[in-house]
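Subject: A structure for you to look through

Hi there,

Here is the structure I promised to pass on. Please open it next to this email and follow along as you read.

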Amino acid sequence: MTDTSAPGAPPRTGIARVVGASLIGTTVEWYDFFLYGSAAALVFHTLFFPSGDPLVGTLLAFVTYAIGFAARPLGGVVFGHFGDRIGRKKLLVLSLLLMGGATFAMGLLPTYDSIGVGAPILLTVLRLIQGFALGGEWGGAVLIVSEHGGDKHRGFWASWPQAGAPGGNLLATGVLALLAAVQSEEAFLAWGWRIPFLLSGVLVIIGLWIRVSVSESPVFLAAQARARADAERGIKERAPVVEVFRRSWREVLTAIGTRFGENVSYYLLTSFLLVYVTAHLGLPKSTALNAVLIGSAVHFVTIPLWGALSDRIGRRPVTLIGSVGMAVWAFVFFALLDGKSFAVITLSVTAGLLLHGAMYGPQAAFISEMFDTKVRYSGASMGSQLASIVAGALAPIIAVELLKDFDTSLPLSLYLGGAALVTTVTVFFARETRGRDLARNEAGPATTTPKRAAPAERA
């Protein structure tokens, strides 16, 4: 049981255990999500979208990749609503089950050669389920850590679920790289690609075993108790998503802008890199996979360091280090890739992911601190997942189209630099949130609507 006598009461579930449960769960979910992106770049264009032009097939594969992003805001709304009403933990368990089940099913799908157009249709449906689940995962994972931890070190603790993204990418890329190293191209296309998807079933069982042992956020439990007391007094609450857009729409826009450059840069540095190195530079897929593998390992380790730095100097300064640095690095990155050296490609990817980590590490605490507890799951999820549509979903598609039309890296650099500039401007004008008490202003009348008094009461 967790002590909920006061909003700031420390939970009996230790913060390290809460962080571990969130990290493992998000790593598994991002493994599932990124596995699709890697497969879309490497094999899905052949197995599910055969075309005479490899880039056209890849573009079609990335369209279904983007469809997963389109489902994420819907997941954010649904999971956010119930997460703000019944708790973070229950929704986190559900999101993990949905994501793992969809990914496991992908490993069993027949290909285009077997059933024709039904294959890409089934793949697209499963991708929609993936996106819906991930839309609810991010908000719950970072909030349950943010609300368990104290104000002083929130940036550090909340950044650990963020490390689940490179952790999942590291795992997905590592499995694919291993299979590419030990299998022939023919064997990988015939059946080897299925192994990473089927492996998801094992990972989900491990993630659930750890995640169900964590107690609910004490901040949420205290807010829920106040909501019950308000209901007994006849005070009716609005739906969380309605309240978010009524009172916190500026914060939602700030969250979108904060995520924009971070989202675009990450998917160009990882998923699109596989296309650029293999299709444009003509290098083996192992070159791109191993570069992302090494870069993701460094990324995983350094994200919590950026989060810790944000506890010392603020969320805004650390994020600006990343966004300004990425705007500059965009023009160096592709030029280095064009040298076709594995060492230089690895260095350029790693440096880019370091800068991305400066934007990503403080982000969990930064966005969590923008919203009140009653609408925090909905607000954080909506801001982050709307950004995923306008930024992450379109990034690989836009990049592939630019490469196909111009056959040079300069438009790609302009696109990446412009996205980083959007985040720079947004964060520059945003308010600093470091040290905010997440339990404050929870009982304010602005978030409630009293019922109309009965005639006898008015008399």
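Below is what was found in it, topic by topic.

First, some ground rules. This is a predicted model, in which local features need pLDDT of at least 70 and side-chain atom pairs count only at pLDDT 80 or more, while totals for chains, interfaces and linings use all residues. Residues are numbered from 1 along each chain as its sequence is written, and side-chain values use heavy atoms, with hydrogens and water left out.

**Empty space inside**

Rolling a probe the size of a water molecule over the atoms shows where empty space is left.

Helices α1 (15-47), α13 (249-280) and α16 (342-360) each supply at least two lining residues. The helix numbers count from the N terminus, and a helix is a DSSP run of H or I with at least four residues.

**Pairs of opposite charge**

Side chains of opposite charge can pair when their charged atoms come close. A salt bridge is counted when a side-chain nitrogen of Lys or Arg is within 4 Å of a carboxyl oxygen of Asp or Glu. By this rule there are 10 salt bridges. To describe where they sit, I use three words: buried (under 20% relative accessible area), exposed (over 50%) and partly exposed (in between), with a 1.4 Å probe and protein chains only.

Take E147 and R376 to begin with: their closest N and O atoms are 2.9 Å apart. This pair links distant parts of the chain, with E147 in helix α6 and R376 in helix α18 (residues 373-393), 229 residues apart. Are the two partners buried or exposed? E147 is buried at 2% relative accessibility, and R376 is buried at 0%.

E369 and R154 also form a salt bridge, again with 2.9 Å between the closest N and O atoms. E369 lies in the loop between α17 (363-368) and α18, and R154 in helix α7 (residues 154-162), so the pair ties together parts 215 residues apart in sequence. Both are buried, E369 at 1% and R154 at 2%.

In the pair K404 and E401, the closest N and O atoms are 3.7 Å apart. These residues are 3 apart in helix α19, so about one helical turn separates them. K404 is partly exposed at 32%, and E401 is partly exposed at 29%. Elsewhere, salt bridges that share partners join D151, R154, D311, R315 and E369 into one network.

**On the surface**

Y112, V117, I121, V125 and I129 form a nonpolar patch with about 420 Å² of accessible area together. Such a patch takes residues with over 30% relative accessible area and no salt bridge, and joins nonpolar side chains (Val, Leu, Ile, Met, Phe, Trp, Tyr) within 5 Å. Accessible areas come from the Shrake-Rupley method with a 1.4 Å probe. Helix α6 (residues 118-148) provides the largest share of the patch, 3 residues. V117 lies in the loop between α5 (112-115) and α6 and is exposed at 55%.

K340 has a phi near 65°, a positive value in a residue other than glycine. K340 sits in the loop between α15 (315-337) and α16 and is partly exposed at 45%. D407 also has a positive phi, near 55°. Its place is the loop between α19 (395-406) and α20 (410-429), and D407 is exposed at 54%.

Happy exploring!

Notes:
Patches are made of residues with over 30% relative accessible area and no salt bridge: like charges are joined within 9 Å, nonpolar side chains (Val, Leu, Ile, Met, Phe, Trp, Tyr) within 5 Å.
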